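User: I am new to this structure and would like to learn how to read its features. Please show it first.

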Amino acid sequence: MKKQLLLVLTLTQSIHAIDNAHFYRATNLFQEPRFERSYLTTFDVSVAAGSTKKARNSHRDTVPLLDIYGPYNMIDLGVGVPGKNLCNLVDMTLVELSRTPGRTVLDCNCDPKYQFGFFSVGGEFNIIEANIFYTQNLTKGFFFQIHAPIRKLQIHDICFKDISPCDDLCPNKETPIWQTFLCLFNDMLNQYCLSIAPFCKTGIGDTSFLIGWTHNHQDTEVLDFIDMTFKFGILAPTGAKRNEDQVFSLPMGYNGHWGVPISADLALGLYDWLTIGGHVDAIFFAKTTRDIRLKTALYQSGLIKLAKGQVTIDRRSLWNAGLYLKADHITRGLSLLFGYTFSNQNNITLDTCDCCFDPGIINSDEALQGWKMHTLHFWSEYDFSKEDSRTGVRLAAFYNLEVSGKRIFKTSIGGGSIGIDINLNY
């Protein structure tokens with residue numbers, strides 16, 4: 001009887017490489033319901049990688065990677081920045097540039113790609129990511145799970161392109177104050193302690209500690225089974241925060257926020273081989289207070305911000321919903337799966353008591369407006385488990401395809417995973 005139960009375990013329980021959603025890469029596939037088996041131990045490790053030179057902006061258009069929040073408006077860069085010294089050449093140039101009359105769309109031949117005093121910034125993003133899971137069943141369907149991601153994130157080949165018009169109308173690319181600004185650009189970055197150097201960092205992300213309950217119902221006349229799993233816990237900010245003085249820095253996790261993740265999974269079995277599953281989860285983040293770079297002018301855009309101030313950050317919730325179809329053990333140990341996930345990060349809001357900063361302006365920052373992503377999942381697994389063994393080994397390959405979204409990098413990722421199930425109650 002125990003051997004038969006272990007065989008059922010290996011035929012129904014598969015855990016894919018998963019992680020919480022991030023804007024910079026396609027969302028990983030969520031977990032299937034947990035197998036309800038007392039004292040079952042599971043270890044899972046996945047490794048994936050991807051790269052891109054493109055992003056999707058707020059209109060879902062494909063743009064150069066670092067134009068994710070729009071082209072960089074240098075005209076308004078110095079507007080509203082506290083503490084400027086008009087005896088300083090850099091600050092004086094910023095003030096004079098802000099007073100330069102702009103160009104209308106008609107002046108630019110209706111082509112928004114050419115805007116006076118704007119940069120377009122390209123680059124390449126690379127990610128290598130490992131996800132490590134330890135899941136331990138207790139009794140009566142209860143279990144706990146620990147998840148630790150490890151990432152290498154890199155942004156390189158950064159290229160600034162002046163998209164000011166080069167026609168005979170003024171102002172244009174040759175306007176003296178613009179040429180002065182270009183000559184002083186590096187001095188300006190140094191004065192305001194900013195770096196536009198390539199970014200590369202390897203480290204642990206945010207660690208999750210979860211408690212769950214699962215149930216496998218097989219006493220049905222039409223369906224093969226109905227499985228359900230519920231989880232909640234704590235997400236600890238163990239990942240390094242974004243370096244506010246490095247323009248293209250990325251956080252390794254959720255940028256220092258504690259979170260409370262909750263999730264629910266449901267799977268229905270049909271025809272002894274087909275599984276239809278669904279998933280929903282959310283992370284509710286706690287507020288945090290610290291110094292960050294702030295937008296200071298209403299029409300300022302891009303990632304370069306000169307001012308820094310202390311704010312309370314309300315990250316709001318991040319949630320995912322998905323569906324999948326799985327052909328389970330269609331030939332020996334081979335299973336195939338096709339799935340879809342929608343991810344949504346709600347708008348982030350900032351609160352400050354510093355009268356130097358207008359709450360309406362700092363909260364108009366495009367980078368705070370949240371993001372959305374649609375991902376397709378392609379997954380295959382081979383189960384090497386044998387009926388007379390107390391352990392089960394699974395190998396899988398997967399590809400997560402980013403297909404649409406807003407304010408995201410267009411990074412699809414592929415990789416593989418290994419899972420080991422150990423039946424301690426054998």
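This is a predicted model: local features need pLDDT of at least 70, side-chain atom pairs count only at pLDDT 80 or more; totals for chains, interfaces and linings use all residues.

User: What share of the residues in the chain is buried?

Analyst: Buried means under 20% relative accessible area, exposed over 50%, and partly exposed in between (1.4 Å probe, protein chains only). Here 54% of the 426 residues are buried.

User: How many residues does the largest nonpolar core have?

Analyst: A nonpolar core is a set of buried Ala, Val, Leu, Ile, Met, Phe, Trp, Tyr and Cys residues joined through side-chain atoms within 4.5 Å. The largest one has 70 residues, and Phe181 and Met188 have the most contacts inside it. Helix 3 (residues 176-191) provides the largest share of this core, six residues. Helices (H or I, at least four residues) and strands (E, at least two) are DSSP runs, numbered from the N terminus.

User: Which residues does methionine 188 contact, leaving aside neighbours within four places in sequence?

Analyst: Contact means heavy atoms within 4.5 Å. Methionine 188 meets Leu77, Val90, Leu94, Phe181 and Leu306.

User: Is valine 45 buried or partly exposed?

Analyst: Valine 45 lies in strand 1 and counts as partly exposed because its relative accessibility is 36%.

Conventions:
Residues are numbered from 1 along each chain as its sequence is written. Side-chain values use heavy atoms; hydrogens and water are left out.
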